[in-house]
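The points are grouped by topic.

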Amino acid sequence: MSILDEVNSPKDIKKLNINELNSLCGDIRELLISTVSQNGGHLASNLGVVELTVALHKVFNSPTDQIVFDVGHQCYTHKILTGRKNDFSTLRTEGGISGFTRPVESEHDIFSSGHSSTSISAAVGLAKAKQLKGEKGKVIAVIGDGALTGGLAYEALNNCAEDNSNLIVILNDNEMSISQNVGTMAKNLTTIRTSSRYVTFKSKIQRGLAKIPKIGAQISRTFTLFNAKLRKRIYHSTFFEDLGFRYYGPVDGHDIDALIDVLKVAKAHSHSVFIHINTVKGKGYNPAEKNPTQFHGIGKFDINTGEPNGGGRNFSSAFGETMCKFAQKDNRICCVTAAMTEGTGLNEFAKKYPKRFFDVGIAEQHAVTFSSGLAKNGMIPVFAVYSSFLQRTYDQLIHDVSMQNLKVVFSIDRAGFVGEDGESHQGIYDTAFLNSVVGLTVFAPSYYTELEAMFYEGIYKVKGAVAIRYPRGCERYMPEAYEYKHESFFLLGDTNVDNCIVTYGRLFSECAEAYDSLENTFVIKLNRIKPIDENVINELKHCKNIFFFEEGIRSGGVGDVFASMLAENDICAHFKHIAVNDEFVKQATVDSQLSHYKLDSNSIIEEVKNA
C-alpha cells in the first residue's frame, strides 16, 4: 500500500512525517505521469510543484486558508490531495475533472482560471475581503516566473498595501533568476530568517522595545528601519520589499523540510510575505526535464520514451512554414508571439530569422501595441496568438491598430472548439468582438493551401489590419469541386434550389460532407467573414430556407451579421442560425463538441431534412 492510498483529504497530510511526505511526492509523480500520458495535459509544470503543493497542504488549512494557482495548469497535485484522487483518471475528459482550477468541482478550488497572471490580483481581493469581514485564514497566490512576465501581475503587486497581513505570494521560479542574492551570506541569513525561533525572538524584542516608557515606540521604529536597511545591503534585489512584502528566498522548491519551515514563518507573519522558490520543470521524469517546453502542454505520449502520439502537419505548422517562405522574400516580415513560440508553429522562423522574431512573454496587450510600432515604421508584423488569448487585447486592437490605420496581421490560432482544455480556452468569441473593430478584414481558411493564399492576400492586397483565423489540429474533408481562387465566397452546388447552407472555416468540411447526402441544397463558404461580400445576397433570392452553421458564439457572431444583411436586402427566406448559445463550452473532444452543438455533418443533414 502506498502513502497516497491513505491520503484522501488535506487533513490526512497533517499527520505524515518528512519521510512519508517525500514518499507521497514520489507516488503523486507516478500518478501524474501515467495519467497525462493517457489523457494529455500540462505535465512539466505540475511535476515541478509537487513538493510545494504537499507542503502548502501540510502547513495551511484549505479552504479556510485559500490557495490560488496562477493559470491553474499547475494544480494537478492540489486536485489529487483535495478529494479528487479517485477521479483523476478522468482528467480533461468529457464529464471528468478539469485541467484547471474550477470552484464547481471543489471548495478547495478558490478561483476559476485558465489564463495567466491573474492569481495575485485575485488573491489581493480575496485577502482584503477576509480583512473587511474579519474572517480567519491566509490567502496564498502561487505564480510562476513565466506568468510574472504578464503586466497584470505587476499591477497587482503595486496594489499590495502593507496592511495585507493575510497575503502570501509564492514565486515558483523554474527558469529565470529574478534575484541576485545567491551569495553565502544571503543563503545563511535566509536559513536563519526562515527559522520559527528567529521570528519568535525578533517579535519579542520588538514588543519589549515598544513597552519602554516614553521612548519605546521611537526605539522600535528605529530598530525596524535599521533592520530594513541591513536587509537591503545584503539582499541586492529589494523590489518586492519596496512594495511592502517581507521577502524570503531563494528556497529549494524540492526540499519539503525547507518549504515547510518557510511556509510556517509566512503563516506566522503579521505582514504580507513574498516567498521565492526554485524548482525544476518536469522534475522526476527525464523526458520532461530535458524538454519542458514540449511537456508544458502535451497530448497523449509514450510513457517509456516520452514521444508524443500522432503528430504530423497541422494548421500551426502550416502557418510557420508560410511565414518562413514569406520572410525569405520580404525582409519586412516580422513575427511576434506572447510566450507561444512552439504552440503557434514559429520554432523554425525563430531559428532562421532571430532578428525578426519577438517573443514578448505573456504580454498580449504589449504584443499588439509593439506590433503597431513596428508597422508604423515600415515593418510588416504578424502577431501569432491563440484565439482565447486575443481576448486580452481588445483595447489595443481598436486604439493602437484600427484607429491608427496600421498594417498589423493577426494570426489567430485555435479558432473554434479546442477540445479538452475546456471553458477558458475555447476560441469561440473572436468573431463576435472582431466584428466591432473598424477597418479590420478577417479571413477564415479551411485548408492549408488557403491559409497560405489568404496570408499573401492579407499582407499584400488588403489595406489596413488583417486577421486570419484557423482551427486547432489538421484540415478535414475537402470536396473535389473546391478550389480557392481568392474569391470572398465559394458556391458548392446549383443555387437554383430551396435550401442553402452557409458557413466558414473548419465547418465547411462538415457542411460539404452533409451536402453529398442532401438534395435540393447548396452550400456557401465564406472565405472572408469581415466584411462579408454583399454579392453573396444575390445567390439567395430563390431560397426558402437558409441555415447558417457557425463554430462560435451566436450573439454578435458572423451569423448575426449575415441575418442583418438578409433583412436589409428583403430576403424573406426562413433563416436559422445554429451556433453556441449564451454558455461556456465544456471540455470534450472536438468531434464531441461539434456533435453536441449540432455542427457535425449528421446534425447538419438532420437539420436541413427537417426544415
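The protein chain contains 24 helices and 17 strands. The model is predicted. Of the 611 residues in the protein chain, 56% are buried. Among contacts between residues at least 6 apart in sequence, 74% join residues at least 24 apart.

**Open sheet**

- Five strands form an open sheet in the order S1-S2-S3-S5-S4, and the pairing is parallel.
- S1 and strand S4 (246–252) are the edge strands, each pairing on one side only.
- From one strand to the next, the twist averages 20°.
- S2 and S3 run parallel and are joined by 6 bridges.
- Gly144 stands opposite Asn172, which belongs to S3.

**Helix H6**

- Helix H6 spans residues 119–133, a run of 15 residues.
- From the first C-alpha of H6 to the last, the helix reaches 21 Å, close to the 21 Å expected at 1.5 Å a residue.
- The buried residues of H6 are Ser119, Ile120, Ala122, Ala123, Val124, Ala127 and Lys130.
- In an α-helix there are 3.6 residues a turn, so residues three or four places apart point the same way.
- Gly134 follows H6 and has a positive phi, near 70°.

**Aromatic pairs**

- The count of aromatic pairs comes to 29.
- One of these pairs is Phe315 with Tyr470, which is stacked, at 6.1 Å centre to centre and 25° between the planes.
- Phe315 lies in helix H14 (residues 315–329) and Tyr470 in the loop between strand S11 (466–469) and strand S12 (489–492), so this pair ties together parts that are 155 residues apart in sequence.
- Phe315 and Tyr470 are both buried.
- Phe326 and Tyr456 form an edge-to-face pair, with 6.3 Å centre to centre and 75° between the planes.
- This pair links distant parts of the chain, with Phe326 in helix H14 and Tyr456 in helix H20 (residues 448–460), 130 residues apart.
- Phe326 is buried, at a relative accessible area of 9%, whereas Tyr456 is partly exposed, at 39% relative accessibility.
- One aromatic cluster is formed by Phe315, Phe319, Tyr448, Phe455 and Tyr470.
- The stacked pair of Phe315 and Tyr470 thus has both of its members in that cluster.

- Helix H21 (residues 507–515) has 7 of its 9 residues buried, so the helix is largely enclosed by the rest of the structure.
- The buried residues of H21 are Leu507, Phe508, Ser509, Glu510, Cys511, Ala512 and Ala514.
- Strands that cover the buried residues of H21 include S12, strand S13 (499–504), strand S14 (521–526) and strand S16 (545–553).
- Helix H23 (590–596) and helix H24 (601–609) are also among the elements covering these buried residues.
- Phe508, one of the buried residues of H21, has the charged end of Lys525 over its ring, 5.6 Å from the ring centre.

Terms used:
Residues numbered from 1 in each chain as written. Predicted model: local features only at pLDDT ≥ 70, side-chain atom pairs only at ≥ 80, totals over all residues. Heavy atoms only, no water. Helix = DSSP H or I, 4+ residues; strand = E, 2+ residues; numbered from the N terminus. Expected span 1.5 Å × (residues − 1). Buried < 20%, exposed > 50% of the residue type's maximum accessible area, 1.4 Å probe, protein only. Phe/Tyr/Trp six-rings, centres within 6.5 Å; stacked < 30°, edge-to-face > 60°. Lys NZ or Arg CZ within 6 Å of the ring centre and 35° of its normal. Pairing = 2+ DSSP bridges. Axes fitted to C-alpha atoms, helices over the stretch in contact; angles between N-to-C directions. Contact = heavy atoms within 4.5 Å.
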